[in-house]
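Dear colleague,

Please find the structure below, handed over for your study. My notes on what was found follow it.

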Amino acid sequence: MEKKMDFDKIERRAASRKRAFTAADYVLLTVWALMVLFPFYWMVLTSVKSYGSYNGEYIPRFFTLAPTLQNYQDAFTTVSLGRYFLNTIIYTVVTTGLMMAVIIPAAFAFARLDFPGKGIAFTLFLSLMMIPNELVVITNFVTITNLKLRNTFTGLILPSVTSVFYIYLLKENFEQIPDELYKAARVDGTSDFKYLTRVMIPISKPTLVTIVILKVIECWNSYVWPRLITDNPNYYLVSNGIQEIRENGFGRENIPAMMAAVVVISVPLIVLFLIFRKKVMAGVSRGGTKG
Amino acid sequence: MKKRSMKGWLYLLPAMLFLGAFMVYPLIDVLIYSFEEGYNSASQTYFGVGLYNYSRVLHDHYFLQAVQNTFLLVIITVPLSTLIALGISLGLNAIKPLRNLFQTVYFLPYVTNTLAVGLVFMILFKKTAYTDGLINLMIQWFGGQSVDFIDGPYWAKMFVLCFYTIWVVMPFKILILTSALASVNPEYYSAAKMDGTKSFRIFYKITLPMISPMIFYLVITGFIGAFKAYSDAIALFGTDLNAAGMNTIVGYVYDMLYGSSGGYPSYASAAALILFAIVLTITCINLMISKKSVHY
């Protein structure tokens, strides 16, 4: 009987230790979650404070009782935020669309077609994956400048319409589609192109969506190339726009309006992420590069 | 047969054209640029061929400053972010309720514009005439001295840069490590529990070896990513990084190419190739270490 009591006690102690551990775990996880969320909170909060009240606060307040949307209006009227936004959308849509048109056939050729020199071509492709962007940007900058394509969408878009990595990712996916389907299609007299559009693309839709999402994130956040290639504000993307705003928009001190612009720029991707949460996370863990 | 062979190349053609024009040709060209001395981008002429560009870059005060900043950033952020991410992933792995919510929140920095959120960090840390800024306020609560993190002493600027870099790279690391932890076969844990193994021992003997390939993957990509740091610094300190003393190697390359100090593609090429050599060396060392100590 006594032995059983002891056993209960040990079990209870283990359980309470486990509870304490879990509680500590939740506390730590919450701390990091707050660290992640706080900048977002601060940016939204600052964006709804009025100019006067923000600059009147020597000690910043954690909330505001008189939220205003004036800053959002300022962000769109004082600087051409709407323009930057539209540019980024055009840039993102065209780049992603062109890229898909280029990489799908390439991946198809590597995955399904037989042609002489395929082995060597693929090895060369793979070795290109190791080349960092920083090395090629210099010449591309000179090329685009010499072609007089600075401050044009063509100049912005052209260098980023191929990605060796995405071709590789897609090729791996195409190869998983059973060969029998292809043979059956050939017997039926289906052309390669028809097979690609009618069979392979529909089957690979999840991977294609993943690639599109990753490319959209990349385009939306791209900064270096657009900065090199545009100095005319009419062609700025949001990243360059935000940097421009920081350097000399709003008369430097209008931080609430600046934060309103930051909110406007951040929202589209956050919404996209919340809608496609699973796909984005799965895609990034397979093909993400940032970090 | 001949018709089909043509076809394969036809499908590859667009990709090859773009890669040829914007990757293969630039790669050769950057090498040539880096050896051409006294290249003039207006007249496209040069005096001679040699290593002058490299020696000029290596003796440039700004380049050495950039190298120092980049190395400090790498040495501080890579181990720290990997360790914190490991801790958070272990914490996430141990809970069931709210796990999805936490994962979603932790991922947010990945999908935000680095430059935009960098501005928020700047106003949090910056000290102006109107306000000391929130972070300084907190330091004062705990009885500390306020510091200007954006225009102040070097260590303070370095701290913000590291802090922001870690904040930015964390989502990717947490994501990779949580999926690695989730894929460890639960039977190992059951077996260990049966034997009454202590939890630290389980971690050390089962979890860590099982996820070690992924940890090394993160260390390697982390090194590569941190060596290429640039937009984080731009976001915090503005476009004139040399004046702020916070330039990075990639920043130096772009400054040489374009902007007020630009117009020198030869120096930019030499600096970019030096960066490439550094990254390649470090990656090879990493791979050698990982071959020895990673369990497969």
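I begin with A:Ala261, which, apart from neighbours within four places in sequence, is in contact with A:Ala75, A:Leu81, A:Ile242 and A:Ile245; two residues are in contact if their C-beta atoms, placed from the backbone, lie within 7 Å. Please note that this is a predicted model, in which local features need pLDDT of at least 70, side-chain atom pairs count only at pLDDT 80 or more, and totals for chains, interfaces and linings use all residues. Residues are numbered from 1 along each chain as its sequence is written, while chains are lettered from A and ligands numbered from 1 in the order in which they are written.

A:Ala261 is also among the residues with the most contacts inside the largest nonpolar core, together with A:Val262 and B:Ala271. This core has 154 residues. A nonpolar core is a set of buried Ala, Val, Leu, Ile, Met, Phe, Trp, Tyr and Cys residues joined through C-beta atoms within 7 Å. A residue is buried if 20 or more other C-beta atoms lie within 10 Å of its own, exposed if 12 or fewer, and partly exposed in between, with C-beta atoms placed from the backbone. Of the 291 residues in chain A, 39% are buried.

Chain A has 15 helices and 0 strands; helices (H or I, at least four residues) and strands (E, at least two) are DSSP runs, numbered from the N terminus. The C-alpha atoms of chain A fill a box of roughly 80 × 70 × 35 Å along the principal axes.

Where the two chains touch, chain A contributes 73 residues and chain B 74 residues.
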